[in-house]
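Here is a quick walk through a two-chain model. Have a look at it first, and then we can go through some of its features.

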Amino acid sequence: MPEPVLTFSGVSKAYGPTRAIDALDLAIEAGSFVALVGASGSGKSTLLKTVNRLVEPTTGSVTFDGDDVAGLPLAGLRRRIGYVFQSIGLFPHMSVAENIAIGPRLAGERLPEDRIGKLLEWVELDREMVDRMPDELSGGQRQRVGVARALAAEPQLLLMDEPFGALDPVTRDALGERVRKLHEELGLTTVMVTHDMAEALLLADRVLVMDAGRIVADETPQSLVAGAGGEIAQALVAVPRHQAERLAELSA
Amino acid sequence: MNGMWDALTGLGDQLSAHVILSAAAIALGIAVALPLAVWASRSEKVARASLAFASLVQTIPALALLALFFPILLSLRAVFGEGLPTLGFLPALLALALYALLPILRNAVTAQANLDPGVMEAAAGVGMNFRQRLLLVEAPLAAPYIMAGIRTAAVWTIGAATLATTIGQKSLGDPIFAGLQTQNWVLVLAGCIASAGLALVADTLLGLIERGFRERRRGLWLGGLLVVALGVIAALFAQFGGGDDEDRVVIGAKGFSEQYILARLIGQQLEAEGFAVEYRDGLGSAVAHSAAASGDIDVYVDYTGTIWTNQMKREDNPPRDEMYAQIVEWETEKTGMQVLGRLGFENAYGFAVRTETMQMRGLESIEDLANVAREMTVGGDPEFFERPEWIAVRDAYGLRFAEQRNFSPTFMYNALQSGEADVIGAYTSDGRIEADDLFILDDPRDAFPNYDAVLLLSPEASRDEALVGALRPIIDSIDVAAMREANYSVDREEDKLSFDEAARRLAERAGL
C-alpha cells in the first residue's frame, strides 16, 4: 500500500453549535484522484479547505507529506498546493500570463514564457491568449486559465472545489477529462469536491460520500455503481443511473 | 472687464498659497484615510467607527471647523510648547484634511467591501500574505474608486480652503472676503472664478488619473500624476522661491474696511523703513487679540472698549484716559503685549437710524429708542449681539426689539436703507454715516464704553526697537474725519479705492 500523502486525524470544525466536520479520520494515497461528494452543507468543501488552511479545524490535525499543516508557513504551504474553485477568481487586472505566473512570482521567481505556453497547451488554450485580460475570455476559458494557474508552481497536490460547477455541460465534460489526463501525466494527487455524482464516478478512482460532517461511504466508482456504499450514497448514484436509463429508453 | 483681468492676474500669490494648502490637506487626508481603510477592511468595528467619525466631521460647517482649531491648538501649546502656530497654515491644514477624510475613506472602504470574494479567495489560495494581497490585488482593484473619492475630496477642499482666510491663512478667499467687505464685486468674482477654475482643473486631472487606473492605462495615470505634481511644485516655488519670510512683520486686520486700510497704512510705513511685511486679514475680534498675544501676528489695531469688555470682562465704564491707562497696564501684565498708543480717533459702537426715522419717531437718544423698540428691527454685525457691550446697553435701557438680525458690516447699511432693519449697531468712524445721512442716537447713560483705536504689539514685536520706532509716528496722527473719509473711499458704491490706495491717501492726510 502506497504512503498516504494526506491524512486527517480526528478533524472537527464547529461554527457555533453546528459541526461542519465531525471527528473525521481519512488517509489519501499519493497519486489517487479522490472525489468528495455530498449535498450542500455536508461539510465536503470545509474539509477540503482544511488542507490549505483556508479553514482552520477546531480540533484534530491534517498532515500533508508528513508535516502537520498547522505548523507550516501559510504562504509556502499554499504554493505547494494547486487550488481550483468554482468562482475561479482570476485577478481581473492581470493578463492571462500574469495570472498563471502569480504563484512563482510570489516566491520571487519568474515563470519562463515557454512554461506559460506549455501550461496553456495543457489546458487546451492557444498560446496567443497570454496577453488577454480575464474579461475577454469565456467562462470555460477562464476556468482553463484557473487550472493552469493552479499547476504553474508544479504542485504535488491539486485541490478542486466544485471546479466545473459554473461551466456549460460541454465545456464541463471536456475540461473534466482534460484534468483527469493531467492528473495522470503529472502524477498528481487530486481531491475534488463536487455535488455531481456522475462527475465523481467518471473522473475519480475513489469516491467519498459525506453527510453531516462525516464520511458515510468510501468506495471505488465500480462498487458504488454495483450498489455498495449504503443508502445516502445510493440515493446520489440513483440520479445519474435514472438519467442513463431514460436516455437508453429514448434510443430504444 | 479690464478691472477683472487685473484682479485675476493679481491673485498669483493667493493662488499658489491656495494650491499648496489644498494639496497638503488632501495629501494629509489620503495619508490618514488609506491606512484607516486598510484597518477598516480587517475590522468591522473600525470601519463603522471611522466612517461615523468622518461623517460627523462633515456635518460641522467648514467655517466652524476652521475656527475650532484655534482654541484646540492654543490648548495643545501646553504639550507642544509656545512655538505651535494657532493661526494660518497649520489649523487650516488640519481642518481641511479632516474635511477631506470622509470621501476618501468612504470610497476606500466601499471599494474594499465590494471586492469580488472569488478574487480574494484566489489571492489567499495562491499563497499571498497580507502585504502581497494589499499591494498586488486590493490596491490596484480599489484604486479607481479611491481616486474617485480623492477627486471629490479635492473639489470640496479647494472650495472650503477659501474660508481659511478667516483664520489668517492666505488663500483665494482673500479677495472674496475683502471684496465682500467693500462691495467690490469684481474682487469677489475674481476670487470665485480663480477657485472654481482651480477646482475644475484639479477635477479634470484627477479624473484623468482615475480613468487611467480604471482602464489600466499606465501612461494616462502617470501623466496625470506628473501634471499634478508639477502644478504643486510650481506653486511651492512661487510661494517660497523668493527667499525666506521668517523676518516678515505680520500685520493683522479684523474683517472690516477700516482695519484693512489701517493694516495697509502700517504696512506701507514699515516697508518704507525697509521691513518686509505680510497681512493676516479678516480675523475675528477675539482671534486677533489672541493671535497677537501668542505672536502669530506682530501688530494690529484694536479698540479700547473692545478690550475692556471682551478681554478684560469689565462691566464698569470709567472715563476715557483712566480706561486707557488700565488697559495698558492689563496688557503688559496679562498678555505681555504693548499698547503703543492711541491713533487719534474713536470708532465707537452706536445705534444709527435714518434721519427720516429719527424725525418721524422723534428719536434723540437710546432712551427714546427704548420706548419704540418693540416695533423695530435691530441689525448688527455677526459679532454684535454676542458682545458684552450689547448686553450692557440692552440692560441699561431695557431694550426689547421686535426682531434682531445679523448682517455683514457692509450689508448692514444697505439693510438700514432698504428698511430690513430700522436701527443698526453702527461704527462711528464709518464714512457711510455721513454719506447715508444717518443719525447716531445719544447714549445719556454712558452704556457704550469708549472705543479709541489703539496700536497693539505682540510681546516679541514690542522688544524690536526698530519696529517700534517705525510705528511710533502713526500714534496720534489720524483724526476721525480722516478715518471716515478713508473708510468711505473704499465703501462707496462708485469709484472705489483699493485698500492700498486709501491707505496711501490717509497717510498723506495724516502727514506720515
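Predicted model: local features only at pLDDT ≥ 70, side-chain atom pairs only at ≥ 80, totals over all residues.

Residues are numbered from 1 along each chain as its sequence is written, chains are lettered from A in the order in which they are written, and side-chain values use heavy atoms, leaving out hydrogens and water.

Start in chain B, with helix H2 (residues 12–42) and helix H5 (residues 89–113): they pack at about 40°, and their axes are 6 Å apart. That makes H2(B) and H5(B) oblique to each other. Their crossing is right-handed (the near helix is turned clockwise from the far one by less than a right angle). The contact residues of this pair split into 26 nonpolar, three polar and one charged.

Further along chain B, helix H13 (residues 304–311) is mostly covered, with eight of its eight residues buried; buried means under 20% relative accessible area, exposed over 50%, and partly exposed in between (1.4 Å probe, protein chains only). Among the buried residues of H13(B) are Ile307(B) and Trp308(B). What do they pack against? The partners of the buried H13(B) residues in chain B include strand S1 (249–254), helix H12 (285–294) and helix H14 (320–334). After H13(B) comes Lys313(B), with a positive phi near 55°.

Most residues other than glycine have a negative phi.

Over in chain A, Thr46(A) belongs to helix H1 (residues 44–49). Thr46(A) is buried, at 14% relative accessible area. Leaving aside residues up to four places away in sequence, Thr46(A) touches Lys13(A), Tyr15(A), Ala20(A), Ile21(A) and Val55(A), where contact means heavy atoms within 4.5 Å.

Finally, the two chains meet through 20 residues from chain A and 16 residues from chain B. Together they bury about 1600 Å², 67% of it on carbon and sulfur atoms; this is the accessible area (1.4 Å probe) lost on being put together, summed over both. On the chain A side, Phe91(A), His93(A) and Leu106(A) lose the most area to chain B, together 35% of what that side buries.

Notes:
Axes fitted to C-alpha atoms, helices over the stretch in contact; angles between N-to-C directions. Helix = DSSP H or I, 4+ residues; strand = E, 2+ residues; numbered from the N terminus. Parallel < 35°, antiparallel > 145°, perpendicular 65-115°, else oblique. Nonpolar A, V, L, I, M, F, W, Y, C, P; charged D, E, K, R; others polar. Buried area = accessible area lost by both parts, 1.4 Å probe.
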